[in-house]
Amino acid sequence: MINSVRNTVLAIINKNNYGYISPGDFNLFAKQAQLDIFDEYFIRYNQQINEENARISGTGYADIKKGYEEVIDTFSVTSFLTQKNQNVYFLPSTSTTGSDYYLLNKVLCFSGGVLKGEAEKVTNSKITMLNSSLLTSPSTIFPAYTQEADGVVIYPDTFNGVNDVQAQYIRYPLDPKWTYVTLYGGEPLFDQTQADYQDFELPIDDSNNLVAKILQYAGISIREADVFQFGQIEDQQQNQTNL
Amino acid sequence: MAYINQRKYYTNDGVNPTDENWGSYQYVGLEDIVKNFQLMYAGNHELINNENRFKILFHAKRGIQELNYDAFKEIKNLELQVYDDLRFVLPPDYVNWVKLYLLKDNVLRELTENIQVQSAVSYIQSATASFTYDGDGNATVVDSTLDTERKNGSLKSIYLNDEIDENVNPNVYNYDSDIYNYRIGARYGLNTETANINPTFTIDKKAGVINFDSTMANQQCVLQYISDGMENGDDSKISVNKLFEDYIYAYIQYAILNSKFGVQEYIINRARKNKQALLRNAKIRLSNIHPSRLLMNLRGEDKWLK
């Protein structure tokens with residue numbers, strides 16, 4: 001998808017000889033555009049739930065929420081968290097679980113390889129009271145966790161083994177990279193066999209959005225207001241259609 | 001909790017305690033209650049949304065406690081010997097008592113609660129009525145006369161006056177062991193409703209003990225009591241009779257809606273009525289009223305009293 005998006009962007013920009021975007025710049029804009037759209041998925045998902053509650057959304061093919069869930073779930077990762085010390089575990093990151101997390105959705109606690117319970121996120125302002133509460137203090141079957149710096153603290157502290165804590169989280173999409181081989185004439189030619197090649201991770205459906213977003217960044221980069229405005233209008237229209 | 005096969009039910013697969021699963025099908029565990037509630041009654045399209053699980057857990061436990069106080073008929077029994085100190089320490093999960101028995105001569109005798117005070121704190125007093133104090137500035141405590149008399153048996157009981165005729169009137173003829181000799185003419189003011197020969201007791205809730213009169217020394221005592229169902233804080237053992245399962249969900253729902261900001265009054269009322277109706281239903285079910293029992297009662301109606 002990344003090559004077709006780039007070709008479209010270049011075609012629009014070159015229409016009136018506005019300018020040229022280097023592969024390096026394109027990759028930067030592409031990354032930014034993908035993150036924008038990725039972030040919007042969660043906002044749109046919430047809007048869709050509100051629409052369902054207002055009974056202005058349907059089921060079956062009209063189930064828009066399901067589509068959003070499917071896209072978000074493609075970024076879902078389930079992985080054991082690396083132990084930092086005792087009952088403190090590192091949050092998912094590229095150095096521990098292989099990917100940075102956007103949203104920590106679920107934290108599961110194990111003991112001796114057996115799932116004991118799902119830990120509940122509790123704010124730091126509540127955890128002290130919760131721990132001293134007779135009825136609701138975290139227990140093996142109702143554990144809790146707080147977030148602190150780059151880690152999660154699990155309660156009760158009996159969960160303190162290497163593979164005692166597993167997280168299901170939504171990772172960030174990988175940075176897109178349009179790779180190429182430089183021909184003798186100087187024109188870069190798309191080459192997806194390169195080791196660092198990375199396509200967009202969003203569905204094909206989002207290619208229009210990607211083009212519009214990238215055009216906005218490119219418009220600012222080449223100081224062409226027309227290109228920026230075109231991208232902006234396209235983006236707005238696309239958003240209105242989605243709502 | 002998953003369904004278990006019959007071997008697991010009867011033998012717990014040989015793991016001690018082997019009787020752990022007996023009767024377990026009557027109950028639903030706390031873990032299941034919270035999970036089911038989160039799945040079925042909380043979520044984006046439900047009345048309850050964005051609530052912490054610990055709140056659901058809190059209300060679930062509170063609901064179970066309330067049920068244990070009266071609706072459940074889950075009575076626990078503890079038998080202990082009462083020694084010379086005439087005390088029975090309340091069990092750790094004690095909330096309220098149901099009945100107290102003296103087990104003597106192979107017979108369970110129900111004991112009567114003494115409405116009079118049977119134990120008191122006393123301070124050392126000087127002749128001028130002033131107190132003595134310990135190093136912390138507290139009045140020095142000493143055994144009260146009331147306690148001493150109760151323990152040595154000299155404290156008179158209003159439940160059965162044990163004065164014998166000789167003591168009341170020393171000039172009367174001694175009939176030796178004639179039963180008419182005992183307790184003659186000294187029962188005025190006796191509470192006939194509660195009068196009996198058995199020991200009496202009072203419960204000192206704060207002190208956590210049951211105090212008996214001296215006749216209970218070295219006797220076996222059986223306490224029937226209710227707990228709050230919290231199983232000493234072990235969440236995995238807390239459970240509710242299935243007849244009350246729906247009520248617990250309704251209770252949690254009502255409790256959360258009732259304390260949530262901005263919920264319309266009619267929704268709270270609906271939840272409240274639902275909760276009350278389910279409680280009534282469950283109580284009727286648990287009372288086990290069925291035709292054959294009614295028939296037995298009706299047959300008893302024609303029994304001649306002789």
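Which residue stands opposite B:L102 in strand 11 of chain B?

Modeller: B:C221 in strand 11 of chain B stands opposite B:L102. Some ground rules come before the details. This is a predicted model, in which local features need pLDDT of at least 70 and side-chain atom pairs count only at pLDDT 80 or more, while totals for chains, interfaces and linings use all residues. Residues are numbered from 1 along each chain as its sequence is written, chains are lettered from A and ligands numbered from 1 in the order in which they are written, and side-chain values use heavy atoms, with hydrogens and water left out.

Chain B has eight helices and twelve strands. These are DSSP runs numbered from the N terminus: helices are H or I with at least four residues, strands are E with at least two. Two strands pair if DSSP finds at least two bridges between them.

Now the strands in question. Strand 4 (residues 96-104) of chain B is joined by seven bridges to strand 11 (residues 219-226) of chain B, and the two run antiparallel. Strand 4 of chain B also has four bridges to strand 5 (residues 107-110) of chain B, again antiparallel. In that pairing, B:Y101 stands opposite B:E110. Strands 4 and 5 of chain B form a hairpin with two residues between them. In the turn, B:D105 has a positive phi of about 55 degrees. As background, strands of a sheet pair through backbone hydrogen bonds, either parallel or antiparallel. In a regular strand the side chains alternate between the two faces of the sheet.

Chain B also contains an open sheet of four strands in the order 3-10-9-6, with mixed pairing. Its edge strands are strand 3 (87-89) and strand 6 (112-113) of chain B, each of which pairs on one side only. Three bridges join strand 3 of chain B to strand 10 (residues 209-212) of chain B, and this pair is antiparallel. Here B:R87 stands opposite B:N211 in strand 10 of chain B.

The chain as a whole gives the setting. Of the 306 residues in chain B, 33% are buried, meaning under 20% relative accessible area with a 1.4 Å probe, protein chains only. Among the contacts in chain B with a separation of 6 or more, 69% are between residues 24 or more positions apart; a contact means heavy atoms within 4.5 Å.

Note on methods. Buried < 20%, exposed > 50% of the residue type's maximum accessible area, 1.4 Å probe, protein only.
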